[in-house]
Amino acid sequence: MTALNSSLNEWAAVAAHAKDMSQSHLRDLTAADPQRWQNFHIENDTWLLDISRQRITAKTLALLFDLARAADLPARIAAMFRGDPINSTEQRAVLHTALRSDFAGPQAVQAEVAATRRQLVDFVAAIRSGQKLGVTGKKFKHVVNIGIGGSDLGPLLVCDALRHEWSGGITPHFVSNVDRMQLEDLVRSIDPAETLVIVCSKTFITQETQANANAARAWIVGALGEKAAAKHFVAVSTNAEAMDAFGIAAEHRFTMWDWVGGRYSVWSAVGLAAELAIGSERFREFLQGASDIDRHFTTAPFERNLPVLMGVLGVWNRTFLQLPTLAVLPYDQRLARLPAYLQQLEMESNGKSVSLAGERVDFATAPVVWGAPGSNAQHSFFQMLHQGTPTAALDFIAPLKGSWGGTEGQDLALQNCLAQSQAFAFGYTAAEAEAGMRKAGAAAADIKRLSAHRVHEGNRPSSLLMYPQTTARSLGGILALYEHSVFVQGTLWGVNSFDQFGVELGKKLAVGIDMRGVKAPQGPGAEGLKALIDYVSKHR
Ligand code: F6P
């Protein structure tokens, strides 16, 4: 194996081409090719991916595909779906695809997945129908998911995005922050006798989740008695011993596997809160949407392969055009939580600086991923994106119809989405600014003084992903598109997208800090730490 992908000839070819392209503007690229949109968009039954406003030519894509082949992308895709231990630092397979696609993973894995799905479907039906009741005989109306990171963001996004699909009289709630505020707010407004708590934690040792789970247990037991814990608590975890210690009833345990990473786990029992809220039939559609993309990813040629295109463009923008951030801009309130979900997916996966072989990389990897619903963001941070100094790559995401079924509001949203992507790409030149002011009757002196402030450089690259409507199936598709795009990027960068040692250090250090000040801090910065702990106890 080559130590770093940057030593490949194909990498050098992309780098040289990026240099040639560094002065080209989307205005010129678009003027030079009257068929540009035709040439740079992919359309299939569900999706339209428009990449005509990326700073690319046909040669760019050809060179990036060469690089993908040189980085062994086809073989890596096959290895992932087969269940090879491609998470090489932890010697684990990466099989979140087996949770939704019957063509992924060894048969033994598929059998385990099917058994857990049956258990989930039965449990969800029993709760939603009222066959399983709380300790006082009341039907469960509230489900509280206690988890953090991948054990929170996925089910939270699904619940929020499919709010219009909630049924069965179940309202989902989420508690993740260790500072206790979310739980405090919640216990004021819901009846413990109608509340089912899911402790969602792959490891079952995560400090934040443990603290919130213990507090929730005290709340339930305090209100309903010790016997209530077994009926009102459910757990999703790989850690049977810790579930024993917490007192989770055997029939209330849903397993996880070490071949599913937290940020890839919404397809597993981690999605339970969402499945309870929308029902198993809708949840199956969510899995189906992801499976559709798995099939597409494993079969479509690079030129028509949506995650491959998204992935190679991610590398192009971040590494070769050196754009430090990616703004995710859904024109759909339903996807308000998508940027936070993608933040973990992309930044925890590819926020790495050593290669698979353990050598320090000499190029930029994962961008900072951020964003907000486009409609609102236009009135807050878009100013900086249009005229500020740092330049971001942009992902516009827009359904054709609102999830309520109508087009009225969505027409306005789409109108803005299209206008913004034009403005970002083509800008507003000094000549246009001056002409605009002249037409509005501005005095020559004002034009001279003010026109520069109105110039938009443009050349901010963006993709636009469109699909019919935000449904369970299309949401599954969107998440799988990004998952595979992350995998493509990780492969081109030659890093392991499936470990997360970077989050371990802070966790370890937190355990060593005693806020009561009994145990003195140790190690570098101990003096400052002690002073801060003293400050907290003195000023409380
Ligand atoms: O701290 C980050 C992390 O390790 C994520 O990768 C994971 O999704 C999250 O913590 C929660 O972990 P667990 O499900 O084991 O509680």
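Contact means that heavy atoms lie within 4.5 Å. This is a predicted model, where local features need pLDDT of at least 70, side-chain atom pairs count only at pLDDT 80 or more, and totals for chains, interfaces and linings use all residues. Residues are numbered from 1 along each chain as its sequence is written, and side-chain values use heavy atoms, with hydrogens and water left out.

**Exercise 1. Decide whether Glu285 is buried, partly exposed or exposed.**

Step 1. Locate Glu285 in helix 13, residues 280-299.

Step 2. Read the relative accessible area. The value is 24%, so Glu285 is partly exposed.

Step 3. List what Glu285 touches. Leaving out residues up to four places away in sequence, these are Ala472 and Arg473.

Step 4. Look further off. Leu450 is 165 residues from Glu285 in sequence and 54 Å away in space, C-alpha to C-alpha.

**Exercise 2. Work out how many residues of helix 7 are buried, and what covers them.**

Step 1. Count. Helix 7 runs over residues 153-161, and nine of its nine residues are buried.

Step 2. Name some of them. Among them are Leu153, Pro155, Cys159 and Asp160.

Step 3. Find the cover. It includes strand 3 (142-146), strand 4 (171-175) and helix 12 (272-278).

**Exercise 3. Describe the surroundings of the ligand.**

Step 1. Count the residues around the ligand. There are 14, each with a heavy atom within 4 Å of the ligand. The closest are Gly150, Ser151, Ser201, Thr203 and Thr206.

Step 2. Pick out polar contacts (pairs of N or O atoms within 3.5 Å). The side chain of Ser151 has an N or O atom 2.6 Å from an oxygen atom of the ligand. For the side chain of Ser201, the distance is also 2.6 Å. A polar side-chain atom of Glu348 is 2.8 Å from an oxygen atom of the ligand.

Step 3. Judge the cover. On its own, the ligand has 400 Å² of accessible area (Shrake-Rupley method, 1.4 Å probe), and the protein covers 88% of that.

Key. A polar contact is a pair of N or O atoms within 3.5 Å; within protein, one must be able to donate a hydrogen and the other to accept it, and residues adjacent in sequence count only if both atoms are side-chain atoms. Helices (H or I, at least four residues) and strands (E, at least two) are DSSP runs, numbered from the N terminus. Buried means under 20% relative accessible area, exposed over 50%, partly exposed in between (1.4 Å probe, protein chains only).
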